[in-house]
Structures are given as structure tokens and as C-alpha cells.
Amino acid sequence: MIDQLKTNHRLNDKFPLKALGGYLLLAIVLPNLTLAQVPTLSLGENVPREVREIYDRGLQYLATTQDDQGNWNGTGDNGPGVTGLATMVFLASGEDPNFGLYSNNVRRAIRHIIQQQDATTGYIGGTSMYHHGFAMLALAEAYGTLDDRDLWRAEEKNGRSIGRSLELAVRLAITSQKKNPSGAWRYSPDAADADTSVSGSVLVGLLAARNAGIEVPDKSIDQAIKYFQEMTSDSGEVAYTGGLGGFGESSARSSIATLVYAVARRKDLPEFKATLHYLVDHLESRNHAYAEYTRYYQAQALFQGDLEAWQKWNTLLVRQLKAAQASDGSITSPHGKTIGTSMSLLALALNYRFLPIYER
Amino acid sequence: MGISAGLLLVLMTSFGQVVAPAVPAMQAGQVAIAATTLASDQPDATSDDSFTFGIRLRNGDYASGELVETPDAKEWIGWKSPAFQNPISFATDSIESITFEQKTDADSPGENYRVSLIDGASLTGELVEITDDSLSIKAPDMGKLTIHRDRLNRLLRIDKSHQLLFDGLDSGQWNPNTQWTDEGAKLISRIPSSLLSVKKSFPDQLLVELELSWEKECNFELGIAAADPSFAAFAKLEVWSDQLVIVSERERNAELQAIQKVDSSRAGQLAIQICVDRKKGKVIVIPSNGEKPITLDVSDKSFVLNGDGFYLLNKKGTLQLDRFSVSTWNGDAPVSVDGSKSRILSADGKIFYGNVKAFTPANQQLTIDVDKTDESISINEFREVIFNNKTTASAGPWFISTTTGITVIGMVERIEQSKMWIKSEGIQELIGIPLDHLIHLRHPSTKRAAKNPNPSEAQFVAHQTSLRGVLADGELKDPASLLFKPLSAKDAAPISTAASARIVYLSESPLPSTSASATNVMEIRQGNGVVIRRMTNTNTPITRMKSPSRAKETPHVLHLMSGDLVPCRIDAIDEKGIHLSTPIIKAKFIPHDQVRAVELMPDVAAIGLGKFKRERLLTVPRIQRDSPPTHLIRSMNGDYLRCRLLLMNDQSLEVEIRLEKRSIPRSGVARILWLASNTETASTPGKPETPGSYFVQAVYSNGNRLTFQPTKVEGMKLFGESKLIGACEVNLKDLNALLVGPGIHQATTALSFQQWKLKAAPDPLPSESSEGDGSSGQESALVGKPAPGFELDHVDGGKFRLADAKGSIVVLDFWASWCGPCLQTMPQVVKVAREFADKKVILIGVNLEESAAKVKAALDRLGLDLKVVLDSDGDTAEKYGATAIPQTVIIDQTGNVSHVFVGANPRFDDVLREAIQKLIEKDAKP
């Protein structure tokens, strides 16, 4: 029912007040429901205690390291993409983003992302399409969930709404794709080449936006999926940039491909079967250079593709995170603790299944 | 359980194709192997270090260390052994010998004198005075010594040219061998055909002083100027039936001289001098029986010195080497003299029969009495004085030799002021020998006491130390260390906490042989109704069996990281650890990180597991590296399963195999091993967790082990405590040995289950050279080296031999028809080679392991015309390291490899052309 509600809500995204009104009404009728994200209604009931412990400690870390501007500017990488990932950790926690424990963190983070967006081009961050992709995904996940009527303070009344910002972001991504001969994305929105890693982050953002009700042309999705198909070998390995180099084993890239095929509702493709097969066959392998990045995608890909395999893999994930989590709740990565913690927790968040993008 | 198929990885480089995968990756998970055995467990084998320096007791015990100050050494001598915290006082009459490590080279005395005494002692020093009653010398570091005239045997002026070149009593000077045992001042061989040998260059003129003794039979061979019997000796001393002979054997003739009779049927001894002059081709032997010197002429010019040195071969019986010194010899012929008269030998070889009356230092003159006439001789003109005193047996219990070349015989009075003080008969003063001059002390009449098989005694074994005695009673102080009292010691001494030692109680415990067949079971019945069953090819703990009543109570065996083996009942295993019950220890729970193995069926038969299978079993595939198996479960029938053990109860084991949960009936499980990765993190005993902690490990005669901190000794009971297993009480009678100190860790790691460690499968090696990317072809190790030779069949018949092409530049193109990049490259190579056809450039295509028909078909298809040879067994490719093709090798005009290119490249023709051009230009330069 709530799912249905959310769908309706999104369809009415241009009239958020109306949608929210209906929503609140329901909340009054059913007093046991504390707004949209109720653990008992999710698929993942009975979340194991150790998962909750890891997640809660990680949340604490992120909550306490965010600055007043909504940014995570401690050690390591930061920017709207990183903020987007951390935002999703809060959204995926099950805490009410509007009135719950971390509502301020979420609002600060979303404001930070929107402030980083170029009002004309829609480019978020202006440094890399990675940031744009992950930030776009966070906006899509927050859209309809977060009541943004009072997102901005009085002096910032001209701040964009989440929906407006997301539409702008989608437009930039589509324009960039149109200019790109491969029909996909690379670091710069003006790039003439493409890679499956950046393309994955942008495409997942687009798919999430579409799922959230933003208009994304089918042609754009089809073109991007075609690019991924071309980059997928029969054995399920996925190339990085194409051409002669870059083939080889990578659970991260095979996961990205599996995920985009699944979220684009293209599980019928032989490439989806190949990449999924590859992943199920390599459940225990880990990409040391990009461990957190890999597990972020691996979790979603396996969850989308093979629930049973995901369950096995999840056991391993919990074991690894238990060992990797520091006493302050952080999980280190070569790109910093914010990314390491966020991506690891988002991998774990499949146990909660609160994020819309996690819907199967 | 099934055997997973190996997954063959095909590695792809950008351009080249890899011929063989560097490492066949192993599929993880269920690995079933039909057979197994565990590594042998022999931590209690007797110490194998050969004792060299230190104190040796009459009962056969020994200890390394050093002398300590002892005010009254008549009864006790103090000894500081590194294995003990305090010095031990050994009863003086219990000591057989003391041998010291020479820290400095022998002081070479200046022009001075050697005085030999009738009891065999000899002193060196400056001659001070000779009077009617006595002779006095001033010995270095010992002051003036006055010797009674009756005790004098010889006075010798030491010639500077007389130098000791080799001392054969120092076992370290010979080549290492295990057949002769170094027993301080002697080397003993009890094994037939045991050889002592040294390869060393010696001067042409030598003096060899040899003293030997034997118990029953005398049959030896001494090779002179031969490093071992495989070299032709300049001369050999041999025993031929009952004759000692000197012999030289040459290709055409042999020279032989009988020296003296030896009674080789009973104990005897021999002391001879051998003068060797290789230049003049002479060997002069001076026998010990007072007979005239015997000269052997070995002036055959055909002898070629090859492998200079000496060897001593004991052919049979027990032979003891008492002296073997090689020194310089001035070539003077030994003089034949009337040995019964006192005499004076002058430096120029004259003999004066008479007595020395006096020496006065003022005028440096000796007054001698020849035929009742006094004559004077300058001190510089005489060489030796022989006094007419009869030699006697030694007059004291101790023979003491020093680095300064003296031998003192007497009683040790005291050890003080860094000197050992000796009372010697006929010498007025106490002789004070600096401790750092001592080489060896021995009691010549010592007979070893029979070993006392008192069961309450134990043998304390540490590095270079073996002492029998008892653990002394008492509460142990902090830091706890045990007190041990050696049998012949005055008091007990605390064992050093830094010493690794073993206190052996039952040295006769049955150790299984390693050569017997696997199914051979040995049963040893003990008086108390216990039957120990052992597989005779392994002494793994699995073969123990308790008496029936005991077995009911403790049917399982728990192996801990500490090396402890605890008989117990395993009740359950959960995510935290093992729940057990046992009367042996107090602990009811042991955490996982302390557990090494659990034997649920301790008497299950062991099956041999080959090295390969064992390695495979313990190799973690790359794909599983971050999620390695944590346990190895052995089934009753010998299968192994790698997994993660989650739980175990009465009925079953819950395991995770490659992330999948499975249940295994407990009845089928023989044992579970906790797999250690190569990086050991768990705390181990012997490596104290906290400063001051001190562990012992009780090794029971039935194989069980307990590690704990000792607190008290009471009779044959040892009490202690362990954080893990609680209070301990050990009856020393039940022990095979008690291990103490840091060595426990080492003994523990030698235990069978401790050896099961996982190893990560190696990563595939990237191609060393990727010439296709445009490198210079100089990366290969072959470059600059002579090209490996080969001779291969030509595809059109005939042979190609690389050696025949010397003087030309040879281009070898390794290829195969299935290799796409090779077929891309080959036309480029052919084109370039053709450009240089008139410049002595030969192109040879080396085909890898394909049939001639296949090769011809490929060449036809490509329209290529080049000479191709067939490397049908891949041998030549291997020689050239062609593990990835295409590989193109250029061999220069001198036959050396100049370039090795691997992989294809659209512009390879340019690269190849440039390389060949350079070689041609280089060759053209003068």
C-alpha cells in the first residue's frame, strides 16, 4: 500500500503539496504507520542484529562528521557525489527523513547537493560526471520522500526544489549522452569517449529519476543499455572503455552492468544473464583496489539478479564489514572514510530495502 | 563431497597470446582427497647439538659456560652455565674435563724456553736461573716458577722458525664430520671407516707429531699431503697386521719402510714424529720406542701434489687421537743419540754428554759439566738440554693446557683474580694461569661413572648442556623459574628464564619408526592397564588410546594453539568457541582463537597424504582469498572438507562451504582442524604475553600436553596456572618431558596440527615484455647471453643447426598456426628479413608443437615463404623463454642474443628493421 502511495506521490510530483496531503491523511488514519518507511512493511524483515549494529555505528559516524553546510569535507574525497552517497545512507536507514533522528542531516545534505548544481546547465559539482550521477541518484531517492517545502531557510527562498533540481540534472545527462558518439558518459559532460564506470553512475541516476516519475526518454535509456551490451562479453566480463584494452575480470563492472540491465527492466537480455552468472560464480572475489565501490554495486546487482546468491554474499559482507569497521563507526577506503563508510553501508542497506532503487 | 574441477585460466595480454597459463587456478570449496597423514611430531627427540666447549662430568653430563671465582676449589668448582641464573658448584672430583673456547690466538712467545717435566708437564718462559737444586723460568703472566731439579726432563730453546700450523685436536680445524666425536682434548672414532680430513696448503717442510691410542684394535691410515683418500698421498702411515709402516705409492713403484710393531690386539698407544720434506722427497719417522729414525725416500718426480692436506682414516675399532700437531720444520736431520745419558745439544748439532750445572743470567752462559770438567756455553749456542731423570706418572689429578702452549699437571687450589691457581709437585710456587689462557683441563684417569637409572631423576637438556638431576622443591618466585639440582652439584640453581630447555623424564618412551608401513600398528602395554597404540609410520596423537574407563570420560582430544593436548569430551562448538568437559583441566570453554584442532575419533587410522595433495588442500584460490576456509574437516574415511565451521552439537556440524550452509552428521567426522593463515596472530607460549611471565609445557608420556606458568614444586608434583585452562597439577612421573623457556614455541610449531597453514595461490605473472607496445627488446634475461643451441627438423626435410649459422644474424620467429597475432606479425618479419637477404640475415620460423602438415597449410594460406623448423616438443621454445607468442629473437653475428620481442605490433617491422640495421652497422665498425 505504501509502495502504491509512493508511486502515486511520484506521479503527482509536480503537486507535492497535494501528494503530501494525502500521505499525511493516511498517517492519521493509520496511526501505527510512521510515514513512508516502516521496517515491518519492507521485504527485509528480521534484520539481523549485527547488521543493525554495523549500520547504526556507521550512521553515527556520518552524522557526526557532516559539517554545517551539509558537506563531508574531512579527509578523503568530497563533493556532491559523496554527499549524495551519504544522503542515501540516511534515507536507507528507515529513519523518517522529515521528522526522524537524521532529518537535519538529510536536509543539510540535499541543500548542499542543490547548491553545487549549475542553475543553467544542471551540472552538479562541475568536476566529474561521477558526482553528477551519484548526486542525481540521491536527489531521485529523496524526491517524494523528503518534504522540501521548508528545505530552504528564509534567506534562501530562491533555492530550487528537489524535483526541479532533478529535472535539470536529468537534462544535463541526456544532453551529454546525445553529444557522445558512444551514447554513454565519461568524466566530462562534453567527453567524446565513454567508460562503463562513469556511465553506470549516470545511468543508475537516470533510471532512479525515471522511477521517481521524472521524464527520461526511452531512447536515452535504450542507447545507454546498448552501450553496456556492447561492453559485455559472453563470459559476463565487462570492459572499462572498450576497444582492445580493458577487458578482464572486474566484479565491480559486471555488477554495474547487471544492475543497469535489471533496473532498466531488461533482465531478458543475454548480457544480463551473462553478467549475473559471472557474479554468482565469483561471489567470494573482491576487488582490492575498489573494495567499497565494488561491494556497493555487487550488493544491488546480486539482490536484483539472484536473491539466494545475494543472501550468501551478504553473509560474507557482514563478516567483512564487522572486521573492517573502526571503533568510530567508519570504514576506510582509498578515497576516504566518507565514501568507504557510505558505499559499505549502502551495500548493507539491501538488508533493509528501504531505498526505492532497491526495489526488485 | 566431490572434487571440483580445476579452472584453467587463460590469460590475455593486449596483443600476444599466452601459451600456457602461469598458474592453473584451483576451484575453491569442496576438496575431497582420499588419503591423509599428519606431519610427524617429534619435539622430544634428544638434543643433537654436539658439545664442544664447557664442563664435562664423569657421569657423562656436560654443560657449556665458564668458570667462576672459587676460593677453595679442592672440593667444589664454580661454573656459570647460560642455562641457569646462578653459578653451579660441581664437586671437583666429579669433573672429567673442562674445555675452553679460545678467544684469541695463541701468544707467540719471543725467544724463550720450554721446560719439560718428568710427569709430562711443560712450561715456557724466559730462563731465569739454574742452580744445584732447581731451574727457574719466568713464564708470561705467571711470574717466576722454580722447578726442582729432580723433576726436570728437558730444556729446549724454542726456535723462532718452529711454528704450529695445524692443531688436529681442535675438531673445528678438520672438515665437518659426524663420525669422530670431539671429547675435548681428544677426538674419538668408534665407527668403522670414519674419516677426518682437512684440505689446506702446507709448506714443503713439516713436522707432524702424532699420538694415538686405541681400545682393542689398531687399524688406521694417515695420509700426508692428501686432503682425503681419493687424492694420491705424498706418503701414508698405515698399520699392516702388527706393523706400523710408512709407505709411498706411485704409479709404477711403491716405497715402504717398517717403523715399529704395534700390538693391535689390545689397548695401546703410539707417539711418533714425522718429518716431511716434499722438496727433497723424504719422510723421516721418529718412532716412540726409542729406535732410530726411519727414512723413506719418495723422490719420485711423477708425484703431483693435488689436494694438499691430511686425512686420518680409522678403518676399524675405537681410535683416539690424542695429539696431531703440524708445525714448521727447519729440515735438520733428527739426531740419533744415546737416550740413556743426560746431554746438551748445541745449536750446530753437537752433543755434549754431561750435566748443566748452572745458568747465570748476568753473563748469559750455561755452565756444563762434561767428563767432570766445567765448560761454558753461550745461551745462544745451545738448543736442548736433556736431564737424566726418569719419567714418572703424573703427580696430580689435572692436566691443564693453555693457549701459550704450556701443560701443567697438579691440583686446582682456587680460582681467583681471573686466574686458576695450581699446586704442582716439584714446583715451588703456585702456578697462576690466567683464565683466558686455558684451553683444556682433564683428569687422565677418569673413568665414566655408570649411568644411574633412578626414575626420579630427570635430564636437563639445553643448548650444549645435558645434566641429570632433580627439580628442587619450593614456591617459585617472580619471575617464576624452576630450580634444578644437578646430581654432582652442591645446590640447586634457578633455570634461566631465557633458556630453552627440556627436562626429560622418560627418555625411553617409544618413538615410532618412520619407515614402517602405514598399517603397522604397534601396541605398548603399560603396567597400569593403559595400552598405547601407535601407527608405526607416524606418531601423531591420533593413535593414542586410553584405558576403557578413561576413554569413556574423555573420548576426544583438544589441541590448543599453545601446543597443549587435552583429552576431553567436546560437548558443543558455537560461534565463540568450544564447550568441553574434562577432569584434566578446569576450563569448560576454550575460545576459537586458542584452538588448533579437535579429534573426535582419536584412534582413526592415518592415511598418507602426498605432498602435492596436501599442498592443494592448503592452497587458497585467488577468488577465495578474502574469504578463505577456516576449518578442515576430516571424515572417518579420510576425506577432507574445507569450510567454515559454524556450529556443532551432539548430532551434527553446521558448516558453510563457499557461502552455502550445510549440515554434516557428527558421526562421520574424525577431526576438525582450525586453519591458520600464514600470518599468525594468536599468542603463543614461550613468547611471554607480559614481561616476567614464564611458561613450562608438560609433555606427557601418552602425548598429551599442558602449558602453564609454574608456581610450585613439591616432590614429584609440579603446580601451576594458566589463564586459559586454570590451575594445573602435574605429576612429573607421568611426563615424558617438561619443556621450559622460549623453546616451547618452537617445539609447538613442530607439532603436527600446527603445520596446517593455508597458503594463497600465487598470482599470475604479467608478461615480462610487451614488445608490441614498442619497447626495445632488451628486457629479457636472455639478452647479451649466448643463444641456446638447438638442432631441429626443417618442415621441408633436413635439419637446421643454430651453431652452423654463426657469423650471420639469425632471426627466430616463434609461432603457431592457432596464434592470430603470430600470423599478423610473421608477414612483417618475412618482409624485413627479405630486405636484408644479402646482408647475412637468416630468418627461421620456429613452430611450436604442430604437425608439418598443419604448418605447411598455414604457410600456404598466408602465402608466406620462409624456413620453418618444427619444435615438436617445445623444448627450444622453453630454452628461449617463449611462454607467450609471437616472440621474435635476434641473435647477433657472435652467437649472442641481442633482442627478444614479445607480442605483435602494427609497426613491428620498423622496430625489427632498426634492430637488425644496428647490428649490421656495429659489425661493420672495426
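Predicted model: local features only at pLDDT ≥ 70, side-chain atom pairs only at ≥ 80, totals over all residues.
**Exercise 1. A salt bridge in chain A**

Work out which residue forms a salt bridge with A:Asp150, and where the two partners lie.

*Solution.* Start with a general idea: side chains of opposite charge can pair when their charged atoms come close.
- Step 1: The partner of A:Asp150 is A:Arg107, and the closest N and O atoms are 2.3 Å apart.
- Step 2: A:Asp150 sits in the loop between helix 6 (129-142) and helix 7 (162-179) of chain A, while A:Arg107 belongs to helix 5 (residues 103-115); the pair links distant parts of the chain, 43 residues apart.
- Step 3: A:Arg107 counts as buried because its relative accessibility is 9%.
- Step 4: To put this pair in context, a search of the whole structure finds 39 salt bridges over all chains.

**Exercise 2. Two bridges in chain B**

Locate the partners of the salt bridge between B:Glu425 and B:Arg151, then do likewise for B:Asp374 and B:Lys357.

*Solution.* 
- Step 1: In the pair B:Glu425 and B:Arg151, the closest N and O atoms are 3.7 Å apart.
- Step 2: B:Glu425 is in the loop between strand 34 (419-423) and strand 35 (431-434) of chain B, and B:Arg151 is in the loop between strand 11 (143-148) and strand 12 (152-157), 274 residues apart.
- Step 3: With 46% relative accessibility, B:Glu425 counts as partly exposed, whereas B:Arg151, at 10%, counts as buried.
- Step 4: B:Asp374 and B:Lys357 meet at 3.2 Å, N to O. B:Asp374 lies in strand 30 (residues 373-378) and B:Lys357 in strand 28 (residues 351-360) of chain B, so this pair ties together parts 17 residues apart in sequence.

**Exercise 3. A charged patch**

Name the residues that form a negative surface patch with B:Glu878, and decide whether B:Glu878 is buried or exposed.

*Solution.* 
- Step 1: The patch is formed by B:Glu849, B:Asp873, B:Asp875 and B:Glu878.
- Step 2: B:Glu878 belongs to helix 6 (residues 875-879) of chain B.
- Step 3: Exposed means over 50% relative accessible area. B:Glu878 has 64% relative accessibility and therefore counts as exposed.

Definitions and conventions
Residues numbered from 1 in each chain as written. Chains lettered and ligands numbered in written order. Heavy atoms only, no water. Patch = residues over 30% accessible without salt bridge, like charges linked within 9 Å, V, L, I, M, F, W, Y side chains within 5 Å. Areas by Shrake-Rupley, 256 points an atom, 1.4 Å probe, with all protein chains shown as cover. Salt bridge = Lys/Arg side-chain N within 4 Å of Asp/Glu carboxyl O. Lys, Arg positive; Asp, Glu negative; His and termini not counted. Charge placed at Lys NZ, Arg CZ, Asp CG, Glu CD. Helix = DSSP H or I, 4+ residues; strand = E, 2+ residues; numbered from the N terminus. Buried < 20%, exposed > 50% of the residue type's maximum accessible area, 1.4 Å probe, protein only.
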